[in-house]
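Please have the sequence and the 3D view open as you read, and take the points below in any order you like.

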Amino acid sequence: PKTDIVFLKVHKSASSTVMNILFRFGETHNLTFAFPIGGGNQLFYPHHFLARFVRGFSPRSPHRFNILCHHMRFLQAEVQKVVSSSAVYFSILRNPVQLMESSFVYYKGTLAFSRARSLEEFLSQPYLYYNPADRDSHYARNLMTFDFGFNPNGDVSTKRVQLMLGAIEASFDLVLISEYFDESMVLLKEMLCWDLDSVVSFPLNSRDSSTKSPLPDTIVEKIKNWNRLDWEIYTHFNRTFWERIDRDIGRERMQQEVMALRKRRAELARTCLQGMGSVAPKDIKDSSLRPLQHGSAKILGYNLKQGLDKETEHMCRRLVTPELQYSSALYKKQFAQKHP
């Protein structure tokens with residue numbers, strides 16, 4: 001199994017669920033994480049990543065960390081200073097239409113979104129609300145482009161798009177697609193040589209469907225145009241994703257692998273969860289399992305079954321622990337005071 005990993009955690013793209021997978025694997029195998037100085041869950045985002053943002057990094061004795069997965073704005077030359085040269089790089093993308101709709105609800109407090117009453121209103125005259133100079137403007141346009149380290153307001157010439165796609169392909173070994181999450185996990189498992197249980201997960205940081213509504217076609221087109229760079233990235237890697245499946249696995253075997261993954265997830269849900277699925281934040285009984293609530297989204301969580309034996313309880317709890325709580329537990333463990 002591969003243990004040196006860089007995961008570019010792209011916002012609102014099922015990346016918290018992927019992070020849980022990395023946290024569990026790292027904890028099980030006693031790996032080190034590249035944590036932000038002072039803890040927290042972001043490596044000084046939205047600044048481009050710098051090696052000195054990582055606790056324990058020193059240019060004089062470059063200590064290599066196994067897993068780098070906290071929110072960052074990608075800058076490969078700096079990332080290479082904190083991980084081994086053989087590290088595997090991967091990321092995950094989401095359809096920019098759903099991404100924008102999700103961001104509008106989740107980041108409602110940002111300057112660009114707070115003044116618009118609806119996404120429709122924002123898109124009718126984006127420059128009335130959007131100012132690229134605002135410190136949080138990146139949430140409102142081409143967010144994936146920004147997270148990959150590029151200028152979200154760059155022009156959309158064919159040449160520039162080709163350069164951007166080429167740069168991502170040169171840096172990343174695998175780019176996953178959140179709409180095909182289970183297929184993505186199978187590809188990830190194959191690339192990392194992990195077993196099935198290492199990539200099984202329950203959806204984390206997902207929001208209640210009561211705040212979701214289908215978008216009319218006119219809005220969909222406006223979102224694509226407004227986020228044209230994201231759209232180019234997404235359509236390109238959605239295509240290469242399926243090409244890779246055809247080349248490395250084949251559709252038939254992929255189908256079998258996905259079925260095995262879903263079967264295992266259902267087994268774990270029966271073992272671990274009260275009521276088999278996620279619940280609204282107000283219904284989560286154990287406060288340590290409550291996810292952070294943000295913007296006007298309702299972020300769902302889970303209740304564990306009562307009376308599980310100690311080992312099962314530990315396994316189940318790790319599957320449903322929200323990202324911030326899990327991250328801070330691992331941080332404390334990694335930097336526990338070393339007493340003589």
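Here are my notes on the predicted model, point by point.

1. **A word on the source.** Please keep in mind throughout that this is a predicted model. Local features are described where pLDDT is at least 70, and side-chain atom pairs are counted at pLDDT 80 or more.

2. **The disulfide.** The structure holds one disulfide. Its partners are Cys 272 and Cys 316, with sulfur atoms 2.1 Å apart. The torsion about their S-S bond is about -70°, so this disulfide is left-handed. Cys 272 belongs to helix α13 and Cys 316 to helix α14 (residues 310-320), so the link joins distant parts of the chain, 44 residues apart. Both cysteines of the pair, Cys 272 and Cys 316, are buried.

3. **A salt bridge across the sequence.** The count of salt bridges comes to 23. One to look at is the pair Glu 323 and Lys 9, whose closest N and O atoms are 3.3 Å apart. Glu 323 is in helix α15 (residues 323-334) and Lys 9 is in the loop between β1 (5-8) and α1 (15-28), so this pair ties together parts that are 314 residues apart in sequence. Are these two residues buried or exposed? Glu 323 counts as buried at 13% relative accessibility, and Lys 9 counts as buried at 3%.

4. Through shared partners, salt bridges join Lys 189, Glu 190, Arg 253 and Glu 257 into one network.

5. Glu 190 is partly exposed, with a relative accessible area of 33%, and Arg 253 is partly exposed at 30%. Glu 257, by contrast, is buried, with a relative accessible area of 17%. The cut-off for calling a residue buried is under 20%, so the value of 17% for Glu 257 falls on the buried side.

6. **The cavity.** How many cavities of 30 Å³ or more does the structure hold? There is one, and the largest cavity has a volume of about 40 Å³. Its lining includes Pro 96, Leu 99, Met 100 and Ser 103, and helix α3 (residues 96-106) gives the most to this lining, with four residues. Also among the lining residues are Tyr 139, Ala 140, Arg 141, Asn 142 and Leu 143, along with Asn 227 and Asp 230. By class, the lining has six nonpolar, three polar and two charged residues.

7. **Backbone details to check.** The peptide bond from Tyr 45 to Pro 46 is cis, with omega near 10°. Pro 46 sits in the loop between α1 and β2 (67-68). Asn 30 is found in the loop between α1 and β2 too, and its phi is near 55°, a positive value in a residue other than glycine. Lys 12, in the loop between β1 and α1, also has a positive phi, near 55°. As for accessibility, Asn 30 is exposed, with a relative accessible area of 66%, whereas Lys 12 counts as buried at 13%.

Conventions: Residues are numbered from 1 along each chain as its sequence is written. Side-chain values use heavy atoms; hydrogens and water are left out. On a 1 Å grid over the protein atoms alone, a cavity is a set of points where a 1.4 Å probe fits but cannot get out, and a pocket is an open set with protein on both sides within 12 Å along at least five of seven lines; lining residues have an atom within 4 Å of a point. Grid points are joined across faces, edges and corners, and a volume is the space filled by probe spheres set on the points. Helices (H or I, at least four residues) and strands (E, at least two) are DSSP runs, numbered from the N terminus. Ala, Val, Leu, Ile, Met, Phe, Trp, Tyr, Cys and Pro count as nonpolar, Asp, Glu, Lys and Arg as charged, and the others, Gly among them, as polar. A salt bridge is a side-chain nitrogen of Lys or Arg within 4 Å of a carboxyl oxygen of Asp or Glu. Buried means under 20% relative accessible area, exposed over 50%, partly exposed in between (1.4 Å probe, protein chains only). A disulfide is a pair of cysteine sulfur atoms within 2.5 Å.
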